[in-house]
Amino acid sequence: MNRRNFISSSVLSSITLAIGTTVVYGKVIPVGYTPIAMQEPDPFKLFNISEQMNVLNDRPWNIESKAHLLNDMVTPNKYMFIRNNGIMPEDINVDTWKLKVEGESALSSKEYTLSDLKQKFKHYTYQLTLECGGNGRKEFNPPAKGNQWGVGAVHCSNWTGVRLKDVLDDVGLKPNAVYVAYYAADLHLSRNPEKEPISRGVPLSKALEDETLIAFQLNGEDIPIAHGHPLRLVAGGWPASVSGKWLTRIRIRDVVHDGAKMTGQSYRVPKNPVAPGEIVDDKDMVIIESMPVKSLITSPKTGAVLTKNRSLKIKGHAWAGDLKVNKMEYSIDFGSTWKPCSLSDPINRLAWQHFEAKVDFPENGYYEIWARATDSNGKSQPMIIPGWNPKGYLNNACHRIAIKVEV
Ligand SMILES: Nc1nc2c(c(=O)[nH]1)N[C@H]1C(S)=C(S)[C@@H](COP(=O)(O)O)O[C@H]1N2
Ligand SMILES: [Mo]
């Protein structure tokens with residue numbers, strides 16, 4: 001008989017604990033073998049999120065929310081989408097964590113510990129809409145590569161931190177400063193420490209806005225690991241990829257930042273409309289800045305059946321990048337006619353707004369409710385898919401839910 005080494009009883013008891021039940025033939029598990037139940041960590045437990053969330057990818061983690069899960073005015077952690085480009089940092093030590101601020105357009109270079117930042121600068125809390133540039137990608141045809149997000153790659157939660165502009169002021173800016181870039185502690189998927197998974201940035205004007213924060217809290221608690229613990233940049237209204245998680249370094253640049261996923265076709269769209277499937281040259285692409293006007297019906301859940309009466313209250317949110325939403329409407333006749341919804345003001349700049357309407361259905365049958373927001377520049381959401389682009393960004397088509405009336 002060939003000799004096999006079996007795992008020790010202490011390893012077996014930790015396996016039993018992790019799996020949560022007796023491993024019947026546990027004594028004969030070969031050394032070095034990881035039981036399947038332990039190979040893939042359970043993302044719902046790992047991130048403490050709702051089991052209704054949709055896991056699109058596990059390497060890296062990409063987890064999507066759903067329209068009806070986003071009904072809260074302030075998105076709770078358990079319903080926030082997670083979008084990682086690389087491997088999350090492990091073994092974070094908050095006592096030794098440092099943020100370095102430097103760059104060719106910085107007057108000085110400084111390092112701050114978390115407590116330096118918290119003590120030196122005033123704290124602010126803002127509710128900020130962060131939407132992945134690729135939210136809605138799955139509707140594009142021909143399909144674009146990348147995570148096939150439906151409508152759930154958006155959240156609007158409370159972020160607490162210090163203003164980026166106060167920190168930039170402390171370091172000092174040279175007159176030639178044009179861009180502010182982030183670097184972070186996550187690892188490239190190749191685990192090559194020389195490579196960055198992502199390092200993006202914003203023009204100086206966006207960096208200097210009151211609401212652009214270096215945040216250390218989310219919804220009143222330490223930022224969870226998935227969302228950038230212990231420090232994160234947050235710039236609401238722009239593709240969420242500019243909001244760098246696990247922030248370690250800020251670089252003040254005299255040119256448009258050229259870090260990972262800033263150049264080529266990443267987070268860029270064609271300058272001019274292109275035909276679906278067309279190959280676009282890098283030089284004809286522009287960086288996405290403020291996100292387009294969009295809305296989401298968060299109640300009821302699509303597929304609702306009305307059995308008691310032919311009237312229904314709908315609720316949802318609307319947002320428009322750096323702008324405000326001025327008008328919110330709904331249609332039950334596939335966009336032929338539109339009726340107004342009530343619409344709240346944002347709690348602060350760059351937070352989503354809430355809408356409501358009472359919808360009356362004329363007779364029994366199948367309906368769709370479409371929702372359409374218009375921004376403060378008079379631009380409305382397209383009824384169906386907007387301009388195709390190679391990477392499948394900026395799909396702000398009207399959200400639609402299906403309803404059956406069977407009174
Ligand atoms: N360091 C770092 N920051 C990052 C990312 C990342 O992979 N690494 N992903 C970006 C992208 S593409 C998005 S959409 C948002 C997602 O934020 P969330 O996971 O908190 O929802 O984080 C951005 N910040
Ligand atoms: Mo993203």
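**Exercise 1. Classify W319 and its ring partner.**

Solution. W319 is buried, because its relative accessible area of 4% falls under the 20% limit. This value, like the others below, is computed from a predicted model. The ring of W319 pairs with that of W352, at 5.9 Å centre to centre and with 45° between the planes. An angle under 30 degrees would count as stacked and one over 60 as edge-to-face, so this pair is tilted. W352 is buried as well, with a relative accessible area of 1%. W319 belongs to strand 18 (residues 311–319), while W352 sits in the loop between strand 21 (342–343) and strand 22 (353–360). The two are 33 residues apart, and the pair links distant parts of the chain.

**Exercise 2. Count the aromatic pairs and assign the geometry of Y112 with F121.**

Solution. The count comes to eight aromatic pairs. One of them joins Y112 and F121, with 5.8 Å between centres and 65° between the planes. Angles over 60 degrees count as edge-to-face, so that is the class of this pair. Y112 is buried at a relative accessible area of 3%, and F121 is buried at 9%.

**Exercise 3. Find which charged side chains lie over aromatic faces.**

Solution. Take R249 first: it lies over the face of Y183, 3.9 Å from the ring centre. Then take R400, which lies over the face of W370 at 5.6 Å from the ring centre.

**Exercise 4. Describe the largest nonpolar core and the surroundings of I250.**

Solution. Nonpolar side chains tend to be buried together in soluble globular proteins. Here the largest nonpolar core has 48 residues, and V101, L117, L168, I214, L231 and I250 touch the most other members. Elements that each supply at least two residues include strand 4 (98–102), helix 4 (114–120), strand 10 (213–218) and strand 13 (247–253). Helix 5 gives the most, with four residues. For I250, set aside neighbours within four places in sequence; its contacts are then L99, K100, V101, E102, L164, L168, V180, A181, I214 and L233. A second, separate core has 24 residues, among them V293, A318, C341 and I369.

Conventions: Residues numbered from 1 in each chain as written. Chains lettered and ligands numbered in written order. Predicted model: local features only at pLDDT ≥ 70, side-chain atom pairs only at ≥ 80, totals over all residues. Heavy atoms only, no water. Core = buried A, V, L, I, M, F, W, Y, C linked by side-chain atoms within 4.5 Å. Buried < 20%, exposed > 50% of the residue type's maximum accessible area, 1.4 Å probe, protein only. Contact = heavy atoms within 4.5 Å. Phe/Tyr/Trp six-rings, centres within 6.5 Å; stacked < 30°, edge-to-face > 60°. Lys NZ or Arg CZ within 6 Å of the ring centre and 35° of its normal.
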